[in-house]
Amino acid sequence: MAATRKIIIQNASLKGQPVDLHITGNRISRISPHQSTPSPCSDGPDTVYIDAQQMNVFPAFYNTHNHAAMTLLRGYADDLPLKTWLEQHIWPAEARFTAEHIRVGVRLACLEMIKSGTVFFNDMYWKEEVAFPIIEAMGMRARLGVALADMQDRRTIDKSFDLLEHFTPDRDSLVSLAVAPHAIYTVGKELLCRSAEVARRNGQKIHIHLSETQGEVEDCLKKHGCTPVAYLDKMGFLGEDVIAAHAVHVTDEDIRILKKREVTIAHCPASNMKLASGMAPVQKMLEAGCRVTLATDGCSSNNNLDMREEMKMAALLAKVSGGPSVLPAEEVLHMATRAGAEAFGLDAGAIEEGRLADLLLVRNDNAGMTPMFHPESNWVYAANSSMIDTVICDGRILMQGRKVEGEEEILDDARRVATTLL
């Protein structure tokens, strides 16, 4: 049996106080005031020590809506209306994707997310069998949505459901599957109901785009006589296992339904702004008691996977319509960390004893973090992700000193493979 791994982080700043954090296995086992003179150590020769002087410790990020392989389409078709962007540019490009494109694109996404402090992402794409081992090798957590749409042939759809029905992850794996019907405008009622049935039978999450654009809502009203939220609710689709991406154009009644059904909302402010989809009523959702999490969406509509940047955008966008006091730094940080972790049943998202060891060490010896009146406020409004020195996921170091193993090879592969899409 392998020895339990241990990490001791010394002299980190937590809420303005110097502390030592002990990680045993994949949990934060102890947080204590920093000892300038270490106590006699019986931790063994394999214990890793990290000197975190002049670093703040923050929870890592949980990105609740993503299309990882689309990193290869970063900047491919910018400044276009969503329908034109999707149907005339993105879908034709994706039709040329091979397993190699998926492999390289997902690996690039993992690198970008680690470098910017994300340890978990909720994905929706194709060829999960290609993405799965890549994410495991990078050491990240993920929920891979098996994408479903009516335009797929029956054999493909049946194969996807067969995968979902018989998927048995390794006990120690940080990666698992979800059921991901794309949206109500690409997935009919029969396939939506089958998706929900299979997901609930197997205890899997359901991941769907919902009420992203005004056009989606108008089409649903014409076709079904109700909003997309009400349409899904009538067929019994909504529940606490549903992750609804965007939820931009929702009524007060929609919000009431989302709260009642305990749906998790994945708020994507950068993508919503870039595609001019609109401004999600986040404050109303929070006041109603909805669980609102934070997400980047894919790289072709953001154009990065930087959750720290997403926090600032979310906070500022909410203030435009709601006033300067809405969505304060602590709340948007909660959305990006603990709320996202809890949505997927992860005992993480907070720097507390007993929690899963998913955390960041962020340098504070730089202009953007000086002075340090309020660490959380600096992290949301003033910092940038290049200040992240160390990323730990499940008690394992994924990045230290801003170095990720194999990153040059990952970048070279991405540059090479992307040219085949032109």
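By class, how many residues in the lining of the largest pocket are nonpolar, polar and charged? The lining has 19 nonpolar, eleven polar and eight charged residues. This is a predicted model: local features need pLDDT of at least 70, side-chain atom pairs count only at pLDDT 80 or more, and totals for chains, interfaces and linings use all residues. Residues are numbered from 1 along each chain as its sequence is written, and side-chain values use heavy atoms, without hydrogens and water.

**Terms**
- On a 1 Å grid over the protein atoms alone, a cavity is a set of points where a 1.4 Å probe fits but cannot get out, and a pocket is an open set with protein on both sides within 12 Å along at least five of seven lines.
- Lining residues have an atom within 4 Å of a point.
- A volume is the space filled by probe spheres set on the points, which are joined across faces, edges and corners.
- Helices (H or I, at least four residues) and strands (E, at least two) are DSSP runs, numbered from the N terminus.
- Ala, Val, Leu, Ile, Met, Phe, Trp, Tyr, Cys and Pro count as nonpolar, Asp, Glu, Lys and Arg as charged, and the others, Gly among them, as polar.

**Largest pocket**
- Its volume is about 930 Å³.
- Of its 38 lining residues, Tyr 125, Trp 126, Ala 147, Met 151 and Gln 152 lie nearest the centre.
- Helix H1 (82–94) is one of the elements giving two or more residues to this lining.
- H1 gives the largest share, six residues.

**Largest cavity**
- The whole structure has one cavity of 30 Å³ or more.
- The largest cavity holds about 60 Å³ of space.
- Its lining includes Tyr 125 and Trp 126.
- Seven of its lining residues are nonpolar, one is polar and three are charged.
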